[in-house]
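Here are my notes on the model you sent over, point by point. Have the structure open while you read.

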Amino acid sequence: MLVILYIFYENYVHSFAGRPDALDLPLGSRSRLSFQASTPSHSQQKTDGIEEEGLEKSPRTCPWQPRVYQLVYPYNIFPPQLCSAMASAVTGLLFFLLCLLSNLHLSFSAGELAFESVPDLEKSMYMVIDGYPCIRLLNLSGEIGCANPGLDKVVAPIVRFKNGIELVKSSSVLAPLSDFDTLLSRVSSDSNFARNLAGVLVESGPQNQTNLTASSPDKKFPQAEFSPYQNNKFEWNPTGSGIMWGLYEFPVFLLSESSTRTLQEISLENENKETHATKVTEFDLVMQTTKSGTHDSESCLREGTCLPLGGYSVLSAFPTTNVSSSKPILLTVASMDSASFFRDKSLGAQSPLSGLISLLAAVDALSHIDDLDTLAKQLVFVVFTGEAWGYLGSRRFLLELDQHTDAVNGINNTLIETVIEVGSVGKGYDQGVKNFYAHTTGVSSATNETLNALQQAQNSLGTKSIKFSKASESNPGIPPSSFMSFSKQNPHTSGVVLEDFDTSFTNKFYHSHLDDQSNINSSAIVAAASLVARTLYILANNNKTLSDSSLNTIKVNASLVDQLLGCLLNCEPGLSCELVKNYITPFSICPSHYVGVMQGEPSSEPFLGYVNDVSRFVWNFMADKTSTPLMNATPCSENCSGTGGVCIKQEIDGKGLCVISKTRYVPAYSTRLKYESASGTWTILPPNSSDPMGEADPVWAESNWNVIGLRVYSVQGGGYDRVVFWSGVAVTVFSYFLIKIVKAFIAKALKQD
């Protein structure tokens, strides 16, 4: 304000000092007003091609001078001194406003104010942050996971977490992964800290695997409530903290590596306080279950504010022509879903994807054998999903078998002779030796045959770098695995779980987002696939003595294993890899092995939009590898299924290829859920005596939401806001008096006219 008054004083008062006649306006004919514009360059330049009578160009006195329109009086009604004084005052006022606006602009961005639309303006104000949220899950007992505490977005300044830090106001805390467990412990023990914790931002980067030797958010005995034996205190997962099963009334995001660097810089800016603006985070993690007040899976399913966890398992068989025969069945299983604290960062490279990839590679190796139709036993493969959330896939599969549904048509559960599960096998590598352990439920002739076949398969490999051993008898039983469902339903079921550990997990990042490709060894997976393929071939030949030369024809494609690792465990190439794109058109590029939710009515022929990328890829891959080509391979038609065939690769060109295969989708969801077709809702059934695990079934569901988002923007300090406010008041008052003065001059001139 003082600056403006000074400019006016210098240009107006001084111009007329000592000249009492300076404001005397000459008489003349009727005045005519026009406007004069200062041009963007020197006075010699043209005024943007505009030529009008009375329109003259005033020289630009400095580079920053704005285009201002000055009154011109052709008949000399007002003297030049008055015009100059008024113009200079207005110029000074506009310059002050320009400086103020520039200062405000710099609070948001160092770029230019060039907005063509509202989204452009929004982009300049808000920085969207890439991250992976922890979300709200519900079961019959209550809730776990994270969400905004209320119905609104959470906004708070960013501070960096340090041991002993005190939060004096609501803050969003940026924490290294190594301090994440400590931070959550602080929440549970320090009420003041918990009250002021608005949200958590967890850093990511290659340093996590370097600095952390172990980090598992699951329990020390994962899913112990489903154990077929009494000792549920055994520590299969010694590094487990159990934090993923807690309830957190604040949002938590895992940042991407680029966002981590950005937020670290912002937190330093906030600490230095060299600017009048504070950077804040805005968490948009409002859950529908919070809005509706439904805090368990029964109520939220009834109100439609959540969906049950689930997906689609995949079943296939060798040979395809005799799947309904009375041959004994060798059932080989693996899992394709994982879990972590952060929903979309559930890679599970070691547990369980190493087992899945090993199984797929074994199926590929067996597909090149010519005499599969003559095998004495039926080879059936099932890849389960939902195993990380109450063994949804395996339990539903067993229920489908009992009910003889279409999904398992032709498979008689009484013919299942033995179950072989391929578990975590990606770390079975120690000083050049691949070590694997067979975990069993007891002694039986079928189990002994499987162990003997494994030994024969190992011997046929002709190397000392692959070793197989029986797991320690001091173990209370089998480790957490899909085979628990089979053993719980029928304790006499024979089976072997192949793992790369004996008494505790070798995977120190079990159910952590750090369980990525760097946590496994591809050669160990190839070795496990070789053991499995040869063991199955030996067993399917009814343990006939087979020569090493015949077994050596079963070769695992190591290049295929490398391809599968790149496709299923990385974003580059991810699901855009040639192998996957040869079968399906993926919905996303970066793979995540979180089970997802059940949408629509469960079916053995589901709408493919409700089946996730990995399940669709596994279905197409298995159907292709276990298929018998038709005499005249043709594109799919309406009668493909009528001839006992399935249509593979249909997503690629819309036509697909019709082949003979018994590959099917098997719904995977809680055995205590029923879908009501009429209303499109889910109801919870009471525990069933035929399902021993039903009593322990938590019936997991995931809350619905509208939008999940995380962004950062600047908020001005209170003092700065007051300066801006009073500056605006001052400019308004000055403008009012300036207008009054100008009106007085004009009125006087018109009277004299």
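1. Strand β10 (residues 197-202) runs parallel to strand β12 (residues 252-255), and three bridges join the two. Within this pairing, valine 200 faces valine 252 of β12. Bear in mind for this and everything below that we're looking at a predicted model.

2. Zooming out, β10 and β12 belong to an open sheet of eight strands with mixed pairing. The order reads β4-β29-β13-β8-β9-β10-β12-β5. What stands at the edges? That would be β4 (127-128) and β5 (131-133). Each has a single partner strand, so one side of each is left without a neighbour in the sheet.

3. Among contacts with a separation of 6 or more, 78% are between residues 24 or more positions apart. The exposed surface comes to about 33700 Å², with carbon and sulfur atoms supplying 52% of that area.

4. Now the inside. The largest nonpolar core has 85 residues, and the members touching the most others are Leu366, Leu379, Phe381, Leu568, Phe617 and Val618. Which helix gives the most to this core? It's α14 (residues 522-540), with 13 residues. In general, nonpolar side chains tend to be buried together in soluble globular proteins.

5. Setting aside neighbours within four places in sequence, phenylalanine 617 is in contact with Leu564, Leu568, Leu579, Val580, Tyr583 and Ile584. Apart from this core lies another one, of 57 residues, including Leu167, Phe180, Leu184 and Leu263.

6. On to the aromatics: searching the whole structure turns up 31 aromatic pairs. One of them joins phenylalanine 341 and phenylalanine 342, with ring centres 5.1 Å apart and planes at 65 degrees; an angle over 60 counts as edge-to-face, so that's how this pair is classed. Both phenylalanine 341 and phenylalanine 342 are buried. They also belong to one aromatic cluster together with Phe180, Tyr248 and Phe250, and Phe180 is the residue already listed in the 57-residue core.

7. Where do they lie? Tryptophan 389 is in the loop between β17 (378-384) and α11 (392-403), while tryptophan 700 is in the loop between β27 (681-684) and β28 (701-703). The pair therefore ties together parts that are 311 residues apart in sequence. Both tryptophan 389 and tryptophan 700 are buried.

8. Two charges sit over rings. The charged end of lysine 219 is over the ring of tryptophan 245, 5.5 Å from the ring centre. For arginine 711, the charged end is placed over the ring of tyrosine 126, and here the distance to the centre is 3.8 Å.

9. Last, a look at serine 227, in the loop between α6 (207-211) and β11 (247-248). Is serine 227 buried or exposed? The relative accessible area is 5%, and the cut-off for buried is under 20%, so serine 227 is buried. Not counting residues up to four places away in sequence, serine 227 touches Phe221, Met484 and Lys488.

Methods:
Residues numbered from 1 in each chain as written. Predicted model: local features only at pLDDT ≥ 70, side-chain atom pairs only at ≥ 80, totals over all residues. Heavy atoms only, no water. Phe/Tyr/Trp six-rings, centres within 6.5 Å; stacked < 30°, edge-to-face > 60°. Buried < 20%, exposed > 50% of the residue type's maximum accessible area, 1.4 Å probe, protein only. Helix = DSSP H or I, 4+ residues; strand = E, 2+ residues; numbered from the N terminus. Lys NZ or Arg CZ within 6 Å of the ring centre and 35° of its normal. Contact = heavy atoms within 4.5 Å. Areas by Shrake-Rupley, 256 points an atom, 1.4 Å probe, with all protein chains shown as cover. Core = buried A, V, L, I, M, F, W, Y, C linked by side-chain atoms within 4.5 Å. Pairing = 2+ DSSP bridges.
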